[in-house]
Amino acid sequence: MRQDAQEFAKRQTQVLVVGPEDARAFASYWSEQGLPFVGLPDPKATVLKLYGQEVNLFKLGRMPAQVIVDKAGVARFVHYGHAISDIPESAQVLSLLDQLNA
């Protein structure tokens with residue numbers, strides 16, 4: 001998604017990355033990586049629970065989840081990954097955004 005940050009911006013889309021780290025670790029990682037997205041630390045899994053993201057300790061913790069939330073706050077698309085690598089390609093997400101914005 002990083003390489004497509006401008007494409008998301010063109011579609012008036014804010015990418016928010018939620019992770020299990022505490023605020024200090026999250027800020028450090030964000031700074032080191034120079035990520036162009038908003039990062040939200042969620043060490044108590046508050047956001048995870050709201051969106052039904054799965055935790056599987058046999059597969060290294062939180063499974064990937066992607067949610068497209070429209071400007072009215074309605075979840076319009078949800079993808080729950082079944083493995084760490086189960087993440088939709090940026091092109092698929094951008095196409096979904098185009099359809100939602102049409």
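In which loop does arginine 11 lie? Arginine 11 is in the loop that connects α1 (5–10) to β1, with helices (H or I, at least four residues) and strands (E, at least two) taken as DSSP runs numbered from the N terminus. The model is predicted: local features need pLDDT of at least 70, side-chain atom pairs count only at pLDDT 80 or more, and totals for chains, interfaces and linings use all residues. Residues are numbered from 1 along each chain as its sequence is written, and side-chain values use heavy atoms, with hydrogens and water left out.

Arginine 11 has a relative accessible area of 19% and is therefore buried (under 20%; exposed is over 50%, partly exposed in between; 1.4 Å probe, protein chains only). Neighbours within four places in sequence aside, its contacts (heavy atoms within 4.5 Å) are Leu94, Leu97, Asp98 and Asn101.

Glycine 52 occupies the loop between α3 and β3 (55–56). Its relative accessible area is 46%, so glycine 52 is partly exposed. Valine 69 is 17 residues away from glycine 52 in sequence and 14 Å away in space, C-alpha to C-alpha.

Turning to the lining of the largest pocket, β1 (16–19), α2 (23–33), α3 (46–51), β5 (65–69), β6 (75–80) and α4 (90–101) each contribute at least two residues. The largest share, five residues, belongs to β5. By class, the lining holds 29 nonpolar, seven polar and seven charged residues. Here Ala, Val, Leu, Ile, Met, Phe, Trp, Tyr, Cys and Pro count as nonpolar, Asp, Glu, Lys and Arg as charged, and the others, Gly among them, as polar. A pocket is an open set of points on a 1 Å grid over the protein atoms alone, where a 1.4 Å probe fits, with protein on both sides within 12 Å along at least five of seven lines; lining residues have an atom within 4 Å of a point.
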